[in-house]
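Trainee: Could you go through this structure with me, a piece at a time? I'd like to ask things as they come up.

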Amino acid sequence: MAFDGLHLPMIYLQGAVPAWQARIDTGQLAQVCRAARDQGGRLTALWGADNRDHGDGFSLHLVLANSDGALWLTCPLDTRNPAYPDLSQWFTCADRQQRAICDLLGIQAERSTEFVDRRPWLRHAAWTAAEFPLRRDASLQNASPL
């Protein structure tokens with residue numbers, strides 16, 4: 001089975017490409033990403049979600065891929081302080097995706113270095129820094145037209 005070294009309870013997803021799904025917590029995220037990278041895996045997708053209207057809070061989703069297939073991981077986040085470990089230390093391509101997630105949802109990557117680019121990636125001044133347009137409770141009535 002693919003991703004055996006990750007030691008996760010995975011569900012096989014039917015489809016044309018071999019794929020699995022698993023839920024992990026933020027405490028496991030760093031270990032799983034490091035192990036996947038060390039086994040030749042790569043990050044192919046990263047996004048956040050606000051499911052507070054369904055009672056699930058915020059979550060981070062990522063897809064890791066290797067020669068065996070794809071693994072879709074869902075990581076529930078603390079609703080009061082949605083944050084997760086910085087994935088760019090294992091996958092450099094995560095940097096801009098993490099900045100976009102922060103701009104759109106306010107979900108922060110916990111960055112430990114002062115040399116990280118913290119500029120907004122998608123904000124473009126269409127909404128204030130305190131507004132997050134993909135949150136379920138977003139009210140962008142005062143948003144500036146582009």
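Trainee: Which residue forms a salt bridge with aspartate 137?

Mentor: In this predicted model, aspartate 137 forms a salt bridge with arginine 52, and the closest N and O atoms are 2.9 Å apart. A salt bridge here is a side-chain nitrogen of Lys or Arg within 4 Å of a carboxyl oxygen of Asp or Glu.

Trainee: And where do the two partners lie?

Mentor: Aspartate 137 lies in the segment after strand S7 (108–110) and arginine 52 in the loop between S3 and S4, so the pair ties together parts that are 85 residues apart in sequence. Strands are DSSP runs of E with at least two residues, helices are runs of H or I with at least four, and both are numbered from the N terminus.

Trainee: Are those two side chains buried or exposed?

Mentor: Aspartate 137 is exposed, with a relative accessible area of 54%, while arginine 52 is partly exposed at 28%. Buried means under 20% relative accessible area, exposed means over 50%, and partly exposed is in between, with a 1.4 Å probe and protein chains only.

Trainee: Which salt bridge does arginine 136 form?

Mentor: Arginine 136 forms one with aspartate 53, where the closest N and O atoms are 3.4 Å apart. This pair also links distant parts of the chain, with arginine 136 in the segment after S7 and aspartate 53 in the loop between S3 and S4, 83 residues apart. Aspartate 53 is partly exposed, with a relative accessible area of 49%.

Trainee: How many salt bridges does the structure hold?

Mentor: The structure holds 6, and another one of them joins aspartate 78 to arginine 80, with the closest N and O atoms 3.6 Å apart. In that pair aspartate 78 is partly exposed at 36% relative accessibility, whereas arginine 80 is exposed at 75%. Salt bridges that share partners also join Asp50, Arg52 and Asp137 into one network.

Trainee: Before we move on, what should I keep in mind about the numbering and the cut-offs?

Mentor: Residues are numbered from 1 along each chain as its sequence is written. As this is a predicted model, local features need pLDDT of at least 70 and side-chain atom pairs count only at pLDDT 80 or more, although totals for chains, interfaces and linings use all residues, and side-chain values use heavy atoms, with hydrogens and water left out.

Trainee: Which residues touch the most other members of the largest nonpolar core?

Mentor: That core has 31 residues, and Leu60, Leu62 and Leu87 touch the most other members. Among the elements that each supply at least two residues are helix H1 (26–38), strand S4 (58–66) and helix H2 (94–105), and H1 gives the most, with 5 residues. A nonpolar core is a set of buried Ala, Val, Leu, Ile, Met, Phe, Trp, Tyr and Cys residues joined through side-chain atoms within 4.5 Å.

Trainee: What is leucine 62 in contact with?

Mentor: Leaving aside neighbours within four places in sequence, leucine 62 is in contact with residues including Leu29, Cys33, Leu43, Leu71 and Leu87, where contact means heavy atoms within 4.5 Å.

Trainee: Why is S4 described as largely enclosed?

Mentor: Because 9 of the 9 residues of S4 are buried, the strand is largely enclosed by the rest of the structure. Phe58, Leu60, Leu62, Leu64 and Asn66 point one way from S4, and Ser59, His61, Val63 and Ala65 point the other way.
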